[in-house]
Amino acid sequence: MFVGDTQSREQITFWQLGSLAGARWGEVLVVAVLGGAAAVALRLGPQYDLLALRDRTAAHVGVRVERLRVGSVVLVALMTGVAVAFVGIIALVGPSSARRTDAAGPRAPPAARRLGDRRIRPPRDRRPPGTGAGAGVRPADRHAHLARRRAVLLQANPVAFSFTARQVVEMGRAPWRGTDREAAGDRAIAAAVAATDTAHLADRAFPSLSGGEKARVSLARVIAQDTGIVLLDEPTAALDIAHQEQVLSLARGLASRGRAVVAVLHDLSLAAAYADEIAMLGRGRLVARGAPRAVLTAERIEAVYGAAARILPDPATGAPVVLPRRG
């Protein structure tokens with residue numbers, strides 16, 4: 001909207017600034033980053049359109065193709081990272097062939113490598129060996145630094161030796177050894193064990209546990225790791241209905257305490273009940289992302305999964321409940 005009157009523009013400006021009075025600086029920063037990234041994306045829109053004509057044609061009309069692709073990775077990674085931190089829980093859903101697990105595996109960051117166009121790749125480091133970023137840093141130190149930033153719960157939880165369940169949970173504190181947070185280890189482990197209801201499993205050998213018990217002990221390890229980013233790969237796959245609710249309630253609690261949580265889920269109704277946003281993948285591409293009610297439509301589910309579905313509102317919460325359409 002264009003306002004020609006100077007006084008009117010000033011009133012609108014001060015009204016907008018006044019609406020920020022109750023906002024926290026973190027919220028303002030998130031909006032600023034997303035707004036800036038969106039502005040850049042809009043400015044580059046015509047160049048992105050030219051990429052549809054293939055790289056060689058785009059290059060002939062002056063588009064710096066490689067530079068644009070690298071910029072896309074940075075831009076999408078920034079927007080996705082900020083959005084996840086701001087939103088709380090993002091659930092990744094899709095059929096078994098959608099490569100959802102790639103998006104929440106150990107090599108997930110940056111998210112742009114997984115949630116967007118899979119043809120985009122980060123630039124190759126053409127600098128001589130030993131001169132790039134991280135030169136002189138031992139691999140073990142780099143791994144520890146990454147492990148202090150994000151914790152990963154894998155779909156499979158293999159342990160080669162007969163560690164006890166408690167020892168597996170204690171492994172979550174390994175990245176913090178030698179840091180100022182090492183002293184909080186015992187307290188973090190005790191809280192994680194209590195939250196996952198695994199105290200009675202503490203002295204049992206991990207390989208002897210059932211699939212569901214292994215999943216809960218592994219989740220306790222992730223919680224004890226106490227990181228800002230939590231990636232959960234099908235955390236409810238081997239659990240009964242009570243423990244499914246418990247695990248996702250724990251994930252909800254982590255998000256409410258400022259953690260960024262990304263979870264790969266099979267159960268669409270569970271995803272709708274606990275996630276703030278759902279990202280639906282199909283054939284390795286992002287099909288839709290948004291609020292559960294917006295993403296989980298009968299038409300989209302049939303198009304992506306190849307199965308007819310009925311969507312009903314939960315009587316208590318209003319969240320979508322997805323049922324297969326039979327007969």
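Because the model is predicted, local features need pLDDT of at least 70 and side-chain atom pairs count only at pLDDT 80 or more, while totals for chains, interfaces and linings use all residues. Residues are numbered from 1 along each chain as its sequence is written, and side-chain values use heavy atoms, with hydrogens and water left out.

**Overall picture**

The protein chain holds 14 helices and eight strands; these are DSSP runs numbered from the N terminus, with helices being H or I of at least four residues and strands E of at least two. Of its 327 residues, 37% are buried, where buried means under 20% relative accessible area, exposed over 50%, and partly exposed in between (1.4 Å probe, protein chains only). Taking contacts (heavy atoms within 4.5 Å) between residues at least 6 apart in sequence, 65% join residues at least 24 apart.

**The sheet**

Six strands make an open, mixed sheet, ordered β2-β3-β4-β1-β5-β6; two strands pair if DSSP finds at least two bridges between them. Here are some of its strands:

| Strand | Residues | Pairing |
|---|---|---|
| β2 | 150-153 | edge, one side only |
| β6 | 285-290 | edge, one side only |
| β1 | 89-93 | parallel with β5, four bridges |
| β5 | 277-282 | parallel with β1, four bridges |

Leu-92 has Ala-279 of β5 as its bridge partner. Helix α14 (residues 298-305) lies across β1, β5 and β6, at about 35° to β5; axes are lines fitted to C-alpha atoms, for helices over the stretch in contact, and angles run from 0 to 180 degrees between N-to-C directions.

**The cores**

A nonpolar core is a set of buried Ala, Val, Leu, Ile, Met, Phe, Trp, Tyr and Cys residues joined through side-chain atoms within 4.5 Å. The largest has 48 residues, of which Val-217, Leu-232, Val-261, Ile-278 and Leu-296 touch the most other members. Helix α10 (residues 211-225) gives the most to this core, seven residues. A second, separate core has eight residues, including Ile-90, Leu-92, Val-152 and Val-262. Leaving aside neighbours within four places in sequence, the contacts of Leu-296 include Leu-268, Ile-278 and Val-322.

**Helix α9**

Which residues of helix α9 (residues 185-195) are buried? They are Gly-185, Ala-188, Ile-189, Ala-192 and Val-193. Seen down the axis of α9, these buried residues fall within an arc of 130°, so they line one face of the helix; the arc is that of the directions from the helix axis to the C-beta atoms. They pack against α8 (165-170) and α10. On the other side of α9, Asp-186, Arg-187 and Ala-194 are exposed. Asp-197, which follows α9, has a positive phi near 55°.
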